[in-house]
Structure formats: C-alpha cells, structure tokens
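Please find my notes on this model below.

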Amino acid sequence: MLVTGDNSLQLFLGWEGVGLASYLLIHFWFTRLQADKAAIKAMPVNRVGDFGLAPGISGCFTLFQTVDFSTIFACASAPRNSWISCNMRLNAITLICILLLIGAVGKSAQIGSHTWSPDAMEGPTPVSASIHAATMVTAGVFMIARCSPLFEYPPTALIVITFAGATTSFLAATTGILQNDLKRVIAYSTCSQLGYMIFACGISNYSVSVFHLMNHAFFKALLFLSAGSVIHAMSDEQDMRKMGGLASSFPFTYAMMLMGSLSLIGFPFLTGFYSKDVILELAYTKYTISGNFAFWLGSVSVLFTSYYSFRLLFLTFIVPTNSFGRDILR
Amino acid sequence: MNYFPWLTIVAVLPIFGGSLIFFLPHKGNKVIRLYTLFICIIELLLTTYAFYYYFQLDDPLMQLTEDYKWIDFFDFYWRLGIDGLSIGPILLTGFITTLATLAAWPVTRDSRLFHFLMLAMYSGQIGLFSSRDLLLFFIMWELELIPVYLLISVWGGKKRLYSATKFILYTAGSSVFLLLGVLGIGLYASNEPTLNFETSANQSYPVALEIIFYIGFLIAFAVKSPIIPFHTWLPDTHGEAHYSTCMLLAGILLKMGAYGLVRINMEFLPRAHSIFAPWLMIVGTIQIIYAASASPGQRNLKKRIAYSSVSHMGFIIIGIGSLSDMGLNGAFLQIISHGFIGAALFFLAGTSYDRIRLVYLDEMGGMAVPVPKIFTTFSILSMASLALPGMSGFVAELIVFFGIITSQNFFLIQKILITFVMAIGTILTPIYSLSMLRQMFYGYKFFNAPNSYFFDSGPRELFISISIFLPVIGIGLYPDFVFSLSVDKVETLISNFFL
C-alpha cells in the first residue's frame, strides 16, 4: 500500500502500517524487557516522524485541495503562498517539503530520529534483515523519491535534505566503528547508507538514490542474515569481541559475509560500487556548497564504512578464537 | 408516511421491560441476565428495522416524528424525532448497551437492580438522542444521573462513594445551567413556554442573549462531554465504576454532551457559536495535549484509559468548533468511533481486572503468556485508540484535521498552529497506549499477584471484543457507513453559519 498508493493518504496508511509491523516484530520475544523498551522507543520516534508527515500531507491538501499524487505534481508549479517571517521568505511549498522530510527522517532513522534503529536490533535477525535493512527504513527514501516533482520546487528544502543525509552518513559511520555488538554495527551501517540515499535525493538525483536503495537492500539483508546465522551458532552471543576464528568453522557464512561487506564498501564490480561511487561522483560534480559538503562527508564515510566492515569481519572470523569452545554449536 | 409510533416504543420499551424485572422469579441470576439481554436485543432490532425502512438518508429534516400532548398545563409535549445527527448515536447506544449487558454477566450481587438500571439508562439515552422538545431533553438528561450514581456506588471499586458523589454533584450542578438555558429559550418572547426544537431553532435571539444562553448550555455540556477544566469527575468515575458501567459512560454518556453541543448550541444559537468557535478549538487542542500528557502518569489502569477518553473527546470539540463541513463530519465520526473504542478498552481493562484483581499498573506484568487472547484484543484496540490507519479513529482524526485546514473562517496562521498542536497530540497518544500495554503484558509475571492462575478470554468476551472491533475496522476502511448518515444534516447545519 505504501508503494502502490497513488495518493498520499494511502501512502500514509501504508507508512503507519509498516511502523506498526516494525513495532510488533521488534518485541517478538516479548518477555525480554530490553525488547519491549526498544519497541516502545521505536513507535513514538516513528510517530515523531509522522508528526512531520501528517501536517505535510495536510499542507498539500490545503494548497492543492487534493491528495492525489498526479494532481499534486501537475499543479506544483503554480505560484503558491509565501509569507515573510524572521527576515526570511518562507514559501508554503518549502514548508511542506521540509515537513515531508521530517517524516522521512523519522522513518529512515536519520540524525534526529536515529535512536530507535540500534535498539531495534532486539528483534530477531530476519526481522532486522527485512524490515530494518530493506523495506521499512527505505520507506522514507521512497516517499521522497515519489514526491520528487514536488521536491524540485523549493531549493531550500533540497539543501536541507542534502545536509541531513550527509551528516547522518558521517555520524552514523563514526558511531559504527566503535560498536561491539555485531548487529549494532550493521544497524549503524544501515543508518549511514540511508544517509547516502537521502543526500543523493537532495542533489536531485532521485533515480540514483533508488538504485542505491535496491542494491543496499540486497547486500544489507545478506549481512543481517549471515550475522543471524553467526549469532545463532554462537548460542545468541552477539558481542564481537567474544567471537573469533570462525572462518574455518563456518566457511559458507564467512564467504557470504565477506561478499556483503565488500559490496557495502563499494568494492569494484560488486553492486555497491556502481551505486555508491555514482553517488559520490555526482556529489563531487555538483558545484554547490551542499554538494561539496556531501562529497567530503560521503568520502570520509566510505573510509569509516570500510573500517567497520573489516573490523566486523576480522573480529568475527579471522582473529584467533576469543570465545569458549562450548559456545560454538554446529 | 407511517404513523406508527416507532420512536416512542423504542424509547419506552427498555424501562418498561426493566420494571418487569422485579416480577421475575427468584430462581437466580441467569434468568435476569437473559431477560435483560433479550430486551436489549429486541430493542436493537426494532431500532434497526425502524431506521432501515422508514428513514430517508437524504432528508435533512426530522423524521419519524411524534407529537403528543403530555402535560397540558404548561404546554409540555412528548416530541420525538430523529435526523441524520441523532441516528448514529441512537444506533451506537443500542449496540453498546447490548454489549455492556453481555459484559455484565459476572455481576452477581443485586443483579436485578443492576439490570434495571442498565435498561433505565438505555431508555434515557434513546430518549435524549431522539427528543425534539427542550424540556424532554432536560428530563432525559437528568434521568441519566441517578442510575449512574447507583451503579457506581454499589458496584464500583474501592473509592466508589467518593467518585459517585463527585459525579452526581458535578453533573447535577451543571444541569442547573442546562435548566436555566432551557427555560430561558422556552420563555423567550412569550408567556407560555414554547419548547419545541423547531420553533426555538428558527427563533432569532438578540446577540447578547444568545451569548448568555450559549454560556449556560456550554457549562452543562462541558461537564458532560468533558471539556477541560470541567473534566475532573471523569477519571474518578471511570476509575471506580464497574466496567460495564464504564462502557456505557465512555461510550455513550460522553457523547451526549457532544451531541448537545451540536444540537442546541449550533442549531439554536448560531451567532454565539460563531463567536465562541475559535475558543472551542483552542480548548479542544489544549484538551488533547493535556489529557495525553496526564495519561502516562496514571498508575491506575482505568484512569489511564479515562484520560485517553478525555483526549479523544478533544477532537470532537475541535471538529465542532471548526465551523466547516468536514470538521463537523469528522466530529460526528469521532463520536461513533470513540464510542466503540472507548467501550472496548474499558471492557478489556475490566475483564483483565476481573482476573488479576490489580488496578495499579506497576504491579501487573507479564500477562501476555497466560492470556494471549486478551493480549491480542487489547493490543489491537490500543492501536485503534492511537488512530492507526485502517481503523475508524484515524479517519475521524484525519477528517477533523482536514476540516480545520479547509475552514474558511479562520486565518492561516491560527490554523497552522492548531494543526501543529494536534499533531503533537498524535505523538503523545502512542506513548501512553504502548506503555500501558508494556506494563500489563510484557516481561515476566510477578508472582505476588493474588491469583496467579487464571483463564484466558472465554467465548463471551471474545464475542464482545470482536463485535466492537468489526465496526471499528469497517468504518476505518469504508467511512461512508457513518458519513452517509450525517452528511446532509451537517450541510444544513453549517449553511446557517455563512451569514
């Protein structure tokens, strides 16, 4: 419903629906108190995003008297209300787009609403793989891409989007390098990659953003699922420092994880290369402040991404065993 | 046009049937319950039949009208009639009262009196929603007070006497203002009281007088459909009453206040309403935020749900104050929707209290494993309460949102402010709902509960929960079920306002 809806109301229905699914699945193991706290954190933070999205939709309704996407996009070029406040000219459409961005921020765990994403790792790994890597968190990016004709009109909003996305990718990557929990590293990595997608939208290349979305879905799901396999094999031990030397025990999982990580850091000829490098090139060639900012932060994030990916691989698979023998199941 | 007195029968049958309860044999409670249930169901079927066959949906005037001289001395008529605005609440009353009777199955003490009082309230509510005469409206309003007082004070929780007394003093005190307003309107410009709704509606009063009447009526309705700061009776009352009384209170009595606001304040006093409408919107917005902020601090489960009721009524107040077609339609939908959801939440809270015998949330915990069916239904209905799309609460709130935005009577900046504050309300609502769920159901069970071994939902309770859940989803997915009832009436009402 979220992706096939042709008006923003159906999109909102699907939006809340995926938020609900996320909430219900995060506390799948509901007797575990950490999981409950995480789920409760997830739902209101999503709602904070909806606090932006719902007035955004209402604003669309006020301006265009319709919620249908095709009508909105057709009318978006007509001159709209604007008013002057704080010595700044604020267009109605800028306000609407910023509100929609707040919705995306809440849903896609950008900086400002990112707190639910690491805690959401309390859910089972398939949940993390599907919802928090591939489908739900990309809802925000999808919504921005869907409303892209609308976003083209306010340049201010685009600058805000670029800054938000670039900052997220940088900050999330820096946090990810210091995490010890296997799934949390991957969670922060998701945050960071979503930041890439958002700033790709901000520099007006929506199709590249969606391309990265697709690629990311695949390799992130791969990473999560193999992480799940490792965790389950280690009898629910998630701390990386307690693992090690699993390369010989689980060669298949190791191979999968290696491929996922290489794709994540944009190793040539794997999918990540095609999407991430294109995003960085486009940021480089966009000669605006936001474009340059995004380029530099994006590049530094690539550095951090490769650092934490390989750290994950090393600590889990290659380093001599840190764990107890009895922890390892077959 | 069929002159068969449908509405009189529908209004009088419950209390008449109730008075026959005292003649039932003393064989035990089962006979009384079955009899009451039978009367409720017959009543519901009669109402549905009468409305289905004789009500035209697109006629904005009163239908099924009856007019009998009752007390000749001061021209007091028994006048009943329904239109698009009252038909929804009457059907809601029938439905919720039947379910509340079914929910009251475990009541064993003094069940004759209990069931008689339920039927008396049923009569009163239908009489109120269908009355076309001001004094009859007032009489039905008062008729609600004593049964609730008795229901709380005999079958309530630990602080029941305090709550019952508070309820009756508060509400009866506000009814004085209602009586003043009724007499004022009735006696205006004539020596004999003309209390007919239609005459009074077409009467135009001088503006100052309108304002005085408006304030009088507003105080009365502000206590009933709680508008802050007159809401303080509600948490105590709902916290202490037995859960089937709570279902009736939250489901129907609160809506009586909202109904009165639309019926009397909007129809009779349009100019005063246009003056007061912005203030109503502001108060409604504050109400949503205030009650949603007060709710997470409650330790008592039923008080938490009571504050959530207050919060949802805020949407209705905003819709009434928005002076727009969509806003009033949204308010009407919220009346119906919250009637269902509030009743359902109180029912589920009550059934879990029946099992675990604890009211304080911090003593509960980990109930999801022993009672998975209650857990599921409670979660689903909490989602409905926090206005999840696909359920009726969402549509109601959304239409009220759109109603404010498209209202042409207010400046843009005011509308934007109110919309933002309402949106904050939608963030606060999940916080208390979900934390209530978490405290009740998740985690491990505490072993100091009085009963540590209890049964899950039986078929009766599942039936009640599902029969409330189905309309909620149905209206959520196809709101035209409710809108088809109210749209024309709302149009007629609002057209009064574009002076």
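Predicted model: local features only at pLDDT ≥ 70, side-chain atom pairs only at ≥ 80, totals over all residues.

1. Chain A overall. Chain A holds 14 helices and two strands. It has 330 residues, and 58% of them count as buried. Take the contacts in chain A between residues at least 6 apart in sequence: 77% of these join residues at least 24 apart.

2. Extent of the contact between the chains. The size of an interface is often given as the accessible area lost when the parts come together. Here chain A and chain B bury about 2700 Å² between them. Carbon and sulfur atoms account for 84% of that area. Chain A supplies 25 residues to the contact, and chain B supplies 31 residues.

3. On the chain A side, two elements give two or more residues each: α1 (8-26) and α2 (33-64). Of the elements of chain A, α2(A) gives the most, with twelve residues. By class, the side of chain A that touches chain B has 17 nonpolar, five polar and three charged residues.

4. Aromatic pairs, chain A. Over all chains the count comes to 19 aromatic pairs. One of note joins A:Phe163 and A:Phe293. Why is this pair tilted? The ring centres of A:Phe163 and A:Phe293 are 4.7 Å apart and the planes are at 45 degrees, so the pair falls in the tilted class. A:Phe163 sits in helix α9 (residues 155-176) of chain A, and A:Phe293 sits in helix α14 (residues 289-318) of chain A. The pair therefore links distant parts of the chain, 130 residues apart. A:Phe163 is partly exposed, at 30% relative accessible area. A:Phe293 is partly exposed too, with a relative accessible area of 30%.

5. Aromatic pairs, chain B. B:Phe95 and B:Phe340 form an edge-to-face pair, 5.5 Å centre to centre with 85 degrees between the planes. B:Phe95 belongs to helix α3 (residues 84-103) of chain B and B:Phe340 to helix α14 (residues 325-356) of chain B, so this pair ties together parts 245 residues apart in sequence. Which of these two rings belongs to a buried residue? B:Phe340 counts as buried, at 7% relative accessibility. B:Phe95 is partly exposed, with a relative accessible area of 23%. Chain B also has an aromatic cluster, formed by B:Phe137, B:Trp141, B:Phe217 and B:Phe221.

6. A helix residue to check. A:Thr253 lies in helix α12 (residues 251-264) of chain A. Is A:Thr253 buried or exposed? A:Thr253 is buried, because its relative accessible area is 11%, and buried means under 20%. The side chain of A:Thr253 makes a polar contact with the side chain of A:Ser229, at 3.4 Å. Leaving out residues up to four places away in sequence, A:Thr253 touches A:Ser226, A:Ser229, A:Val230 and A:Phe317.

7. Most residues other than glycine have a negative phi, and most peptide bonds are trans. In chain B, the peptide bond from B:Ile228 to B:Pro229 is cis, with omega near 0 degrees. B:Pro229 is in the loop between α9 (207-224) and α10 (233-240) of chain B.

8. Positive phi. A:Ser204 is not a glycine, yet has a positive phi of about 70 degrees. A:Ser204 lies in the loop between α10 (182-202) and α11 (206-233) of chain A, and is partly exposed, with a relative accessible area of 27%. B:Leu323 has a positive phi as well, near 55 degrees. B:Leu323 is placed in the loop between α13 (301-321) and α14 of chain B. B:Leu323 is buried, with a relative accessible area of 5%.

How values were computed: Residues numbered from 1 in each chain as written. Chains lettered and ligands numbered in written order. Heavy atoms only, no water. Contact = heavy atoms within 4.5 Å. Buried area = accessible area lost by both parts, 1.4 Å probe. Helix = DSSP H or I, 4+ residues; strand = E, 2+ residues; numbered from the N terminus. Nonpolar A, V, L, I, M, F, W, Y, C, P; charged D, E, K, R; others polar. Phe/Tyr/Trp six-rings, centres within 6.5 Å; stacked < 30°, edge-to-face > 60°. Buried < 20%, exposed > 50% of the residue type's maximum accessible area, 1.4 Å probe, protein only. Polar contact = N/O pair within 3.5 Å; in protein donor to acceptor, adjacent residues only side chain to side chain.
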